[in-house]
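User: I'd like to learn how to read a model like this one. Could you walk me through it, feature by feature?

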Amino acid sequence: MKLISAVVLALVSAAMAYPTAANNNAQVVKRQNLQHDVDASVPAMSDASGNVVPFSSTLVFQAAAADGQ
């Protein structure tokens with residue numbers, strides 16, 4: 001009985017999450033501007049613009065400091 005309840009709950013959740021209407025305002029997300037070719041085996045971070053750059057402790061964006069806090 002517990003398994004049946006779990007399966008029914010999973011199916012109901014999946015049915016509720018399925019989009020019923022097409023999103024007419026959907027746009028393709030613009031690809032990030034790759035400034036550096038970052039190797040996956042080295043530490044990396046994202047800059048204030050969201051681009052992935054090699055990690056450097058001197059270039060870490062500090063949002064609180066930028067806001068004057």
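User: Where is S46 found?

Analyst: Some ground rules first. This is a predicted model, so local features need pLDDT of at least 70, side-chain atom pairs count only at pLDDT 80 or more, and totals for chains, interfaces and linings use all residues. Residues are numbered from 1 along each chain as its sequence is written, and side-chain values use heavy atoms, with hydrogens and water left out. Helices (H or I, at least four residues) and strands (E, at least two) are DSSP runs, numbered from the N terminus. Here, S46 sits in strand β1 (residues 44–46).

User: What does S46 touch, not counting residues up to four places away in sequence?

Analyst: Contact means heavy atoms within 4.5 Å. With residues up to four places away left out, S46 touches N51 and V52. V60 is 14 residues from S46 in sequence, and their C-alpha atoms are 8.6 Å apart.

User: How do I read accessibility, and what does V60 count as?

Analyst: Buried means under 20% relative accessible area, exposed over 50%, and partly exposed in between (1.4 Å probe, protein chains only). V60 has 36% relative accessibility, so V60 counts as partly exposed. S46, with 46%, is partly exposed too. Across the chain, buried residues make up 4% of the 69 residues.

User: How many residues of α1 are buried?

Analyst: The number is zero of 16, so α1 lies largely in the open. α1 reaches 22 Å from its first C-alpha to its last, close to the 22 Å expected at 1.5 Å a residue; that expected span is 1.5 Å times one less than the number of residues.

User: Which residues form the nonpolar patch on the surface?

Analyst: An α-helix has 3.6 residues a turn, so residues three or four places apart point the same way. Patch residues have over 30% relative accessible area and no salt bridge (a Lys or Arg side-chain nitrogen within 4 Å of an Asp or Glu carboxyl oxygen). Like charges are joined within 9 Å, nonpolar side chains (Val, Leu, Ile, Met, Phe, Trp, Tyr) within 5 Å. In this model the patch is I4, V8, V12 and M16, with about 410 Å² of accessible area together, by the Shrake-Rupley method with a 1.4 Å probe, where for residues only the protein chains shown count as cover. V8 lies in helix α1 (residues 2–17).
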